[in-house]
Amino acid sequence: MHLKWTVPVSSILAYIPLLTTMVTTILSIVLARATLRYAKTTDKSLALAREEFEREWSPELHIKLERTPSGDAKIIVTNLAKISVLLQMVQLRKLALAVPSLRCLLNEPLIGGTTWTDSIQKRLIAATGDEFQGAIAVSATFFASGRLFRTDWFRFQVVVKNGEIARIDPVNMAARRVRVIESRNGEPAAKREFVRDVTAQPVEERATVAPN
């Protein structure tokens with residue numbers, strides 16, 4: 001005896017929307033996961049491109065003091081980036097002092113990948129004196145892309161005897177990127193206080209402090 005199973009056409013048609021919904025849901029999940037993977041890959045690519053662009057085009061200078069065989073001292077400023085800069089000032093100071101000992105005003109263009117060299121013996125001795133043994137810090141201020149930048153302080157151990165430079169040794173320290181001093185519109189971009197003006201303290205505030 002053979003049994004025949006018959007399925008009404010109306011039942012089959014009733015299941016078609018359900019199957020369509022299931023297939024659409026599965027495809028949506030697959031596409032969503034693919035979109036998320038693509039978005040993550042794109043974000044990583046953009047981050048790498050941004051880092052490479054900043055590394056190549058952000059201003060970055062390296063400063064070196066060097067003693068020549070003849071006993072003279074020279075400063076070597078190297079532009080490590082591709083962007084050209086305009087050197088405005090070189091500052092020297094003893095680490096024991098809070099303010100620069102000497103400021104040298106400049107107006108020297110420095111193309112990316114090139115160096116600028118100048119004798120600094122007289123200026124260095126003027127900042128240290130005829131007898132000195134200790135650390136000297138050097139910093140440079142420059143214009144780039146319409147903004148004013150300043151490098152970190154590069155440190156050197158200097159020995160001066162009888163008004164002659166006997167030795168210059170670099171101090172290896174972790175270097176930080178240059179900081180923006182003035183933005184494009186001329187407003188100060190750095191708000192960090194290095195020196196506090198005590199004369200600007202309110203009179204009534206100082207009056208509350210009783211002398212010892």
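How much space lies in the largest cavity? In this predicted model, residues are numbered from 1 along each chain as its sequence is written, local features require pLDDT of at least 70, side-chain atom pairs count only at pLDDT 80 or more, and totals for chains, interfaces and linings use all residues. Side-chain values rest on heavy atoms, with hydrogens and water left out.

The largest cavity holds about 40 Å³ of space, and the structure has one cavity of 30 Å³ or more. A cavity is here a set of points, on a 1 Å grid over the protein atoms alone, where a 1.4 Å probe fits but cannot get out; lining residues have an atom within 4 Å of a point. Grid points are joined across faces, edges and corners, and the volume is the space filled by probe spheres set on the points. The lining of the largest cavity consists of Ile 75, Val 90, Cys 104, Trp 116, Asp 118, Ser 119, Ile 120 and Arg 123. Strand β5 contributes the largest share of this lining, with three residues. Strands (E, at least two residues) and helices (H or I, at least four) are DSSP runs numbered from the N terminus.

Strand β5 (115–119) also stands at an edge of a sheet, as does β1; each has a single partner strand, so one side of each is left without a neighbour in the sheet. This open sheet comprises three strands in the order β1-β2-β5, with antiparallel pairing; two strands are taken to pair if DSSP finds at least two bridges between them. Neighbouring strands of the sheet are turned by 15° against each other on average, direction ignored, the axes being lines fitted to C-alpha atoms. Seven bridges join β1 to β2, and Leu 65 has Ile 75 in β2 as its bridge partner.

Antiparallel pairing also links β6 to β8, over seven bridges, with Gln 133 partnered by Val 159 in β8. Strand β8 pairs in turn with β9 in the antiparallel sense, over six bridges, and Phe 156 stands opposite Pro 170 in β9. The hairpin of β8 and β9 has two residues between the strands, and Asn 162 takes a positive phi near 55° there.

The largest nonpolar core has 30 residues, and those with the most contacts inside it are Ile 75, Val 77, Leu 87, Leu 124, Val 138, Val 158 and Ile 168. Such a core is a set of buried Ala, Val, Leu, Ile, Met, Phe, Trp, Tyr and Cys residues joined through side-chain atoms within 4.5 Å. Among the elements that give two or more residues to this core are α2 (121–128), β6 (132–144), β8 (154–161) and β9 (164–170); β6 gives the most, with six residues. Apart from its neighbours within four places in sequence, Leu 124 is in contact (heavy atoms within 4.5 Å) with Ala 73, Leu 92, Ile 136, Val 158, Ile 165 and Ile 168.

Two loop residues were also examined. Ser 145 lies in the loop between β6 and β7 (147–150) and counts as partly exposed because its relative accessibility is 38%. Buried denotes under 20% relative accessible area and exposed over 50%, with partly exposed in between (1.4 Å probe, protein chains only). The C-alpha atoms of Ser 145 and Ser 84 are 8.5 Å apart, although 61 residues separate them in sequence. Lys 82, in the loop between β2 and β3, is likewise partly exposed, at 48%. Its C-alpha atom is separated by 7.9 Å from that of Pro 59, 23 residues apart along the chain.

Methods:
Axes fitted to C-alpha atoms, helices over the stretch in contact; angles between N-to-C directions. 1 Å grid on protein atoms, 1.4 Å probe; cavity = no way out; pocket = protein on both sides within 12 Å on 5 of 7 lines; lining within 4 Å.
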